[in-house]
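Please give a careful briefing on this model, grouped by topic, with the cut-off behind each term stated where the term is used.

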Amino acid sequence: MKISAPNNKIPNNKIPAQTCGQPAFQGLLYVDTKTQMPLDSWFFRDSETLKAAISEIKTTFPAGAEIWDFACSNGEETISIKSLLDSPQYKVIGYDSSISALQLAKKGIYTVFSNWYDSFLLPNTKTTGDENFFKSKFYEVMEEVFPPEKDCRINNKTDYFNIKKFYLDFQEKYFSVNPKIRKAIDIRKGDITLIDNYRNQDKVGAIFFRNALYQMTGNDLNETIEQRKFFASRPVDNKKEIIEELVNKIHSKLELGGIFVLGDHIKDHLFLADRNLPDSEVILLKNTPFFNIWNKKHVCASGLRLFKESPVKTALEKYGRFIPVGFSKTELDIAMPKIKVPTVWKKVR
Ligand SMILES: C[S@@+](CC[C@H](N)C(=O)[O-])C[C@H]1O[C@@H](n2cnc3c(N)ncnc32)[C@H](O)[C@@H]1O
């Protein structure tokens with residue numbers, strides 16, 4: 001197993017005239033410039049779900065399968081999946097509907113920096129257990145690069161600068177997919193609502209759509225004002241139908257035994273009730289975190305009207321088509337206890 005040596009000196013021929021850094025640092029488009037939708041992603045996000053999904057895929061399709069990673073953003077998720085499904089028999093295709101995300105994917109430069117979800121990937125960071133494993137997989141497919149300033153992008157401008165300000169020993173590194181396997185990372189423009197139009201003849205072994213359902217259903221539990229404006233123009237009162245239609249399409253696209261993978265974000269599991277939903281299907285939640293437009297902070301609001309049961313769960317379990325085989329933990333607010341949510345669903349009929 002090849003792991004890049006941490007403190008390697010940069011070979012002279014790799015040192016660019018000017019490397020990335022402030023003040024000319026170009027922070028990433030944290031939201032899609034056109035839709036204002038968040039593009040946040042990081043390597044090996046929600047490792048519990050990833051582990052369960054990869055194990056299912058390997059067990060059910062030992063001879064290989066096609067994996068479709070919808071809502072892949074700039075590709076960190078697709079690269080993570082590909083690194084864990086390291087045999088060429090597994091073809092992983094990343095799809096995203098956002099032009100901003102795809103531009104970043106095309107550039108193919110990724111950052112890892114201190115005190116972030118994936119900072120365990122920094123060469124000098126000590127790791128144990130799963131992180132050890134993920135880190136070794138990461139360095140099998142990625143190599144450190146030293147891009148010119150104009151090519152530096154990161155995932156979250158505000159957080160990045162806040163972190164950088166606070167940590168004296170702040171570190172950041174840039175990575176690209178190793179040229180040897182670059183061809184195996186396939187990222188395309190694609191909208192999951194049109195999934196039945198994509199290569200109609202094929203069935204796939206797994207469909208990922210993590211932390212994105214809220215965008216297509218307008219499930220704005222706690223979005224920013226700008227995003228709320230955007231959601232307001234959407235048909236948010238037919239989430240049940242939108243989700244049922246999506247699940248039907250996913251069901252017909254998957255092989256028997258194939259999996260549908262959701263995110264661990266609460267907005268993939270807890271849905272604002274459609275206005276026409278009968279009271280018997282609604283639950284009122286007290287002390288729900290809400291985005292306060294006056295002080296621009298998430299605060300507690302009460303009386304949020306929610307689907308009693310997640311419409312995704314209802315749609316997946318309809319006719320006994322899917323069963324949950326992988327779980328993760330999530331919370332509505334960091335002050336609240338975590339709850340277990342089903343994130344990996346297997347097609348059983
Ligand atoms: C918050 S990011 C999540 C990225 C990644 N899945 C993760 O969990 O780290 C949501 C992504 O979903 C994409 N997206 C939203 N609706 C989509 C759709 N209908 N089809 C494909 N991608 C979509 C957005 O462009 C964005 O890149």
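## Briefing

Ser73 counts as buried, since it has 28 C-beta neighbours inside 10 Å; a residue is called buried if 20 or more other C-beta atoms lie within 10 Å of its own, exposed if 12 or fewer, and partly exposed in between, with C-beta atoms placed from the backbone. This is a predicted model, in which local features need pLDDT of at least 70 and side-chain atom pairs count only at pLDDT 80 or more, while totals for chains, interfaces and linings use all residues. Residues are numbered from 1 along each chain as its sequence is written.

**Overall make-up**

- The protein has nine helices and 14 strands, where helices (H or I, at least four residues) and strands (E, at least two) are DSSP runs numbered from the N terminus.
- Of the 349 residues of the protein, 41% count as buried.
- Among contacts with a separation of 6 or more, 77% join residues 24 or more positions apart, two residues being in contact if their C-beta atoms, placed from the backbone, lie within 7 Å.

**Positive phi values**

- Most residues other than glycine have a negative phi.
- Ser73, in the loop between β1 and α2, has a phi near 55°, a positive value in a residue other than glycine.
- Phe44, which belongs to the segment before α1, likewise has a positive phi, near 55°, and is buried, with 25 other C-beta atoms within 10 Å.

**The seven-stranded sheet**

- Seven strands form an open sheet of mixed pairing in the order β6-β2-β1-β7-β8-β14-β13, two strands being paired if DSSP finds at least two bridges between them.
- β6 (186-189) and β13 (322-330) stand at the edges with a single partner strand each, so one side of each is left without a neighbour in the sheet.
- Neighbouring strands of this sheet are turned by 25° against each other on average, direction ignored; axes are lines fitted to C-alpha atoms, for helices over the stretch in contact, and angles run from 0 to 180 degrees between N-to-C directions.
- Helix α8 (residues 239-253) packs on the sheet, where it touches β7, β8 and β14 (339-347), and its direction makes about 135° with that of β8.
- Strand β7 (residues 204-209) is mostly covered, with six of its six residues buried.
- Four bridges join β7 to strand β1 (residues 65-70), and the two run parallel, with Asp69 standing opposite Phe208 in β7.
- β7 also pairs in the parallel sense with strand β8 (residues 254-261) over four bridges, and the bridge partner of Ile207 in β8 is Phe260.
- β2 and β6 pair in the parallel sense over four bridges, with Ile187 in β6 as the bridge partner of Gly94.
- In helix α3 (residues 99-107), Ser100, Ala101, Leu102, Leu104 and Ala105 are buried, and the buried residues of α3 pack against β2 and β6.

- Three strands form an open antiparallel sheet in the order β3-β5-β4, with β3 (110-113) and β4 as the edge strands, each pairing on one side only.
- Neighbouring strands of this sheet are turned by 40° against each other on average, direction ignored.
- Four bridges join β3 to β5 in an antiparallel arrangement, and Val112 stands opposite Lys173 in β5.
- Helix α4 (residues 129-141) has Phe134, Lys135, Lys137, Phe138, Tyr139 and Val141 as its buried residues, and what covers them includes α1 (47-60), α2 (76-84), β4 (142-145) and β5 (172-177).

**Nonpolar cores**

- A nonpolar core is a set of buried Ala, Val, Leu, Ile, Met, Phe, Trp, Tyr and Cys residues joined through C-beta atoms within 7 Å.
- Of the 71 residues in the largest nonpolar core, Ala53, Ile57, Ile67, Phe70, Ala206, Ile207 and Phe209 touch the most other members.
- Leaving aside its neighbours within four places in sequence, Phe209 is in contact with Phe70, Ala71, Ile192 and Leu262.
- A second, separate core of seven residues includes Phe271, Ala273, Phe307 and Leu332.

**Surroundings of the ligand**

- The ligand is surrounded by 25 residues, of which the closest are Ser41, Ala71, Ser98, Asn211 and Ala212; a residue is near a molecule if its C-beta atom, placed from the backbone, lies within 6 Å of it.
- β2 (90-96) and α6 (213-217) each supply at least two residues of this shell.
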